[in-house]
Amino acid sequence: MAKIIVVTSGKGGVGKTTSSAAIATGLALQGHKTVVVDFDVGLRNLDLIMGCERRVVYDFVNVINKEATLNQALIKDKRTDGLFILPASQTRDKDALTMEGVQTVLDDLSKDFEFIICDSPAGIEQGAQMALYFADEAIVVTNPEVSSVRDSDRILGILQSKSMRAEQGKNVKEHLLLTRYNPDRVATAEMLSVADVEEILAVPLVGVIPESEAVLKASNQGAPVILDQESNAGQAYTDAVRRLLGETVEYRFIEAQKKGFFKRLLGGK
Amino acid sequence: MGIFDYLLKKGKPNTAAVAKERLQIIVAHERRKRTEPDYLPMMQQEILEVIRKYVQIADDQVSVQLEDSDDCSVLELNITLPE
Ligand SMILES: Nc1ncnc2c1ncn2[C@@H]1O[C@H](COP(=O)(O)OP(=O)(O)OP(=O)(O)O)[C@@H](O)[C@H]1O
Ligand SMILES: [Mg+2]
């Protein structure tokens with residue numbers, strides 16, 4: 001039986017796809033057979049971030065409609081062993097994913113994989129609800145910014161009322177993943193701190209990913225940023241994956257860099 | 001940060017604290033709304049109608065809230081009467 005983890009946020013553009021790709025890769029690197037599923041129907045992008053866009057033949061909707069088998073649609077990652085991608089469909093039909101169809105596919109994947117990572121579309125409507133419905137756990141991606149935090153709370157409300165586990169009177173285990181964090185701006189009181197967001201949402205923290213140029217570089221190249229272990233963001237994702245697996249890992253990259261007086265005077269970064 | 005920012009920094013408002021306070025209020029409000037029983041809006045409407053038999057008040061002059069404390073729920077009814 002696989003563990004199904006949805007990566008969700010409510011607000012768009014906060015780093016769900018970046019995080020899904022990194023976390024799925026991280027889990028596979030730790031030896032857990034993992035599949036990452038793109039639920040963003042019509043806006044397929046996970047394939048680009050994973051660098052497999054030219055190998056997409058069939059997609060999630062083809063499998064649901066029995067136009068292809070699961071094995072035909074799954075793309076085996078070329079860099080990381082034990083990692084597979086199920087791409088989203090490019091159809092404009094918003095109802096292409098049916099509840100029964102999704103359930104059948106997830107059940108089939110469950111037989112073969114340890115982890116199923118679901119990359120949710122933005123919003124709190126049908127698409128996002130479909131992505132989280134079958135989840136055992138949820139990673140709520142949040143930026144330290146007012147509208148993102150509020151939307152995270154809205155998606156928490158949906159997880160607690162509209163998921164399958166909620167309907168069965170059980171909880172979906174929640175994890176807070178704070179991304180695009182800028183410790184320097186937190187130090188100058190321009191940005192909400194990790195502690196602030198934790199206190200407002202009251203969800204256990206699984207990781208803090210710093211704002212990093214490495215993320216754009218990684219997406220340009222189609223290699224999940226976790227593979228760039230030189231970068232802060234890559235290391236922070238590795239820490240988050242280890243915490244997800246139950247380890248206790250100290251937080252890094254959450255303190256402002258101490259700058260010397262002269263550097264500050266000259267405006268050094 | 002250059003020298004000017006550095007000198008100006010003293011007078012800078014703490015915008016993160018403002019954000020935090022606003023979020024705490026709105027999140028608490030929205031969470032309460034999510035968990036309140038379905039009958040609450042209807043009940044509020046009926047209470048409003050009863051009061052209007054006697055005093056003219058606007059919709060927003062009645063507020064009904066359900067607060068959960070340890071071993072009981074408290075229904076808090078707030079009615080502001082005109083002068
Ligand atoms: N830690 C980070 N540092 C810098 N840029 C980041 C970071 N995380 C994400 N980004 C950038 O933010 C943008 C949005 O990221 P991403 O596509 O992962 O978000 P999303 O939540 O999946 O968006 P959507 O809601 O559209 O699906 C991208 O340009 C990405 O490169
Ligand atoms: Mg996305």
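## Aromatic pairs, ring-charge contacts and a helix packing

Over all chains of this predicted model, the count of aromatic pairs comes to three.

### Aromatic pairs

| Pair | Distance between ring centres | Angle between planes | Geometry |
|---|---|---|---|
| A:Phe39 and A:Phe60 | 5.2 Å | 90° | edge-to-face |
| A:Phe84 and A:Phe113 | 5.5 Å | 75° | edge-to-face |

The planes of A:Phe39 and A:Phe60 stand at 90°, and planes over 60 degrees apart count as edge-to-face, so this pair is assigned to that class. It links distant parts of the chain, its members being 21 residues apart. A:Phe39 belongs to the loop between strand S2 (34-38) and helix H2 (46-50) of chain A, whereas A:Phe60 is in helix H3 (residues 60-64) of chain A. Both A:Phe39 and A:Phe60 are buried.

For A:Phe84 and A:Phe113 the planes are at 75°, so this pair is edge-to-face as well. A:Phe84 and A:Phe113 are both buried.

### Charged groups over rings

A:Phe113 also takes part in a contact with a charged residue: A:Lys33 lies over the face of its ring, at 4.9 Å from the ring centre. In a further arrangement of this kind, A:Arg243 has its charged end over the ring of A:Tyr251, 3.6 Å from the centre of that ring.

### Packing of helices H7 and H10

Helix H7 (residues 146-162) and helix H10 (residues 194-201), each of chain A, pack at an angle of about 35° with their axes 10 Å apart. Their crossing is right-handed. H7(A) contributes A:Val149, A:Ser152, A:Asp153 and A:Leu156 to the contact, and H10(A) contributes A:Val197, A:Ile200 and A:Leu201. By class, the contact residues comprise five nonpolar, one polar and one charged.

### An exposed position

Which residue class, buried or exposed, describes A:Asn71? This residue has a relative accessible area of 66%, so A:Asn71 is exposed. A:Asn71 is located in helix H4 (residues 70-73) of chain A. Its C-alpha atom is separated by 20 Å from that of A:Val41, a residue 30 positions away along the chain.

Note on methods:
Residues numbered from 1 in each chain as written. Chains lettered and ligands numbered in written order. Predicted model: local features only at pLDDT ≥ 70, side-chain atom pairs only at ≥ 80, totals over all residues. Heavy atoms only, no water. Axes fitted to C-alpha atoms, helices over the stretch in contact; angles between N-to-C directions. Helix = DSSP H or I, 4+ residues; strand = E, 2+ residues; numbered from the N terminus. Left-handed = near helix turned anticlockwise from the far one by under 90°. Contact = heavy atoms within 4.5 Å. Nonpolar A, V, L, I, M, F, W, Y, C, P; charged D, E, K, R; others polar. Phe/Tyr/Trp six-rings, centres within 6.5 Å; stacked < 30°, edge-to-face > 60°. Buried < 20%, exposed > 50% of the residue type's maximum accessible area, 1.4 Å probe, protein only. Lys NZ or Arg CZ within 6 Å of the ring centre and 35° of its normal.
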